[in-house]
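Here are a few quick notes for you to read alongside the model. Have the viewer open as you go.

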Amino acid sequence: MSLPSPTPSLEPALAPSMVVNCVAYRNDGKRIGDISLDHISDVLKEPDTFVWVGLHEPDEKLLLKLQEEFDLHDLAIEDAQQAHQRTKIEAYGDSLFIVVQTAQLVGGHIAFGETHIFLGPRYLVTVRHGASLSYAPARRSCEHSPELLALGPSYGLYGVLDFIVDNLLPIVRDFREELQDLEKDIFAETFKRQTVRRLYDMQRDLMTLRLAVAPLQDIISQLVRMHPHLIQDELRAYFRDVYDHVFRVNESISAMREMLAAAINVNLSLVTFGQNEVMKKLAGWAAMLAAPTLITSWYGMNFTHMPELASPWAYPIIITVVVCVVGGIFLGLKRNKWL
């Protein structure tokens, strides 16, 4: 049976804007060309072919069309319709359904998305939701290695997962650079509320990112050790490399979160220290004002006999005593670095 000729576009009824690409390959890793969704079943009738489909936020009709073409499981299709799934891997017969969290840095904050992946012996389907880059670079990279793509759709799965993980490291790196820029505000003498708020936002984003990345280690570990009918032994070393990258990202996130926590504590400690210094100075000046207030208050009492009240030198003596007491308090405070 001859393969259907490549088609430059897809049917309007199937919302082509949701179909990023639909490409057929031979088992030698060579690209046959773009095909329409209706021709998928025709391509799969040939024994030496497989199909790679990329979708972006498809509707229910489009997913049901893919279910018909690839005989996908009902539960997997139901999950793919929902854009808020946890990171997981599910086996349905001879196919896998994988949910991976994706992330992008948008306006200084991390925007999260999801990618749902269907992997079978002769197909790979990626469904992107939310913040996620196109997997066209991953596809091109795989096509440049036809000897590995000849191993089947699992090499495409490796390319997609590797692309997702490699895009996480720049996020942590950008956060580290921003933290370095914030150091001058952290150690500033004046308190800046927006600095602490930004540090908190960064720590919150990294916490969410870690919750997305940590389960990915278990998924890659399964792909390294299990599913021999889908993952060829020749590709397990590549998935181990992705696992190492995920582990490094996870460690970088943990280290960055500790640095942010330390930065917040240092900033608050410096603010507290500055407030204590101000309070010490205020207390010192209050002590110096309290001494003359106490002495002069005695002479505000209406007693007939007061010390030195009848003496002509009484006023200069009292002034001298007050100056000496205040001066002694000032020298004492200065020696103890309260002023």
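1. Let's start with glutamine 81, which sits in helix α3, a helix covering residues 74-81. Keep in mind as you look at it that this is a predicted model.

2. What does glutamine 81 touch once you leave aside its neighbours within four places in sequence? The contacts are with Glu60 and Leu63.

3. Now over to the charges. Asp174, Glu177, Asp181 and Glu183 together form a negative surface patch. One of them, aspartate 181, belongs to helix α7, which runs over residues 169-186.

4. For the overall picture, the chain has 339 residues, and 46% of them are buried. Its secondary structure comes to 10 helices and 7 strands.

5. On contacts across the chain: take those with a separation of 6 or more, and 66% of them are between residues 24 or more positions apart.

6. Last, the surface. The accessible area of the chain is about 17900 Å², and carbon and sulfur atoms supply 57% of that.

Key:
Residues are numbered from 1 along each chain as its sequence is written. This is a predicted model: local features need pLDDT of at least 70, side-chain atom pairs count only at pLDDT 80 or more; totals for chains, interfaces and linings use all residues. Side-chain values use heavy atoms; hydrogens and water are left out. Patches are made of residues with over 30% relative accessible area and no salt bridge: like charges are joined within 9 Å, nonpolar side chains (Val, Leu, Ile, Met, Phe, Trp, Tyr) within 5 Å. Accessible areas come from the Shrake-Rupley method with a 1.4 Å probe; for residues, only the protein chains shown count as cover. A salt bridge is a side-chain nitrogen of Lys or Arg within 4 Å of a carboxyl oxygen of Asp or Glu. Lys and Arg count as positive and Asp and Glu as negative; His and the chain ends are not counted. The place of a charge is taken as NZ of Lys, CZ of Arg, CG of Asp or CD of Glu. Helices (H or I, at least four residues) and strands (E, at least two) are DSSP runs, numbered from the N terminus. Buried means under 20% relative accessible area, exposed over 50%, partly exposed in between (1.4 Å probe, protein chains only). Contact means heavy atoms within 4.5 Å.
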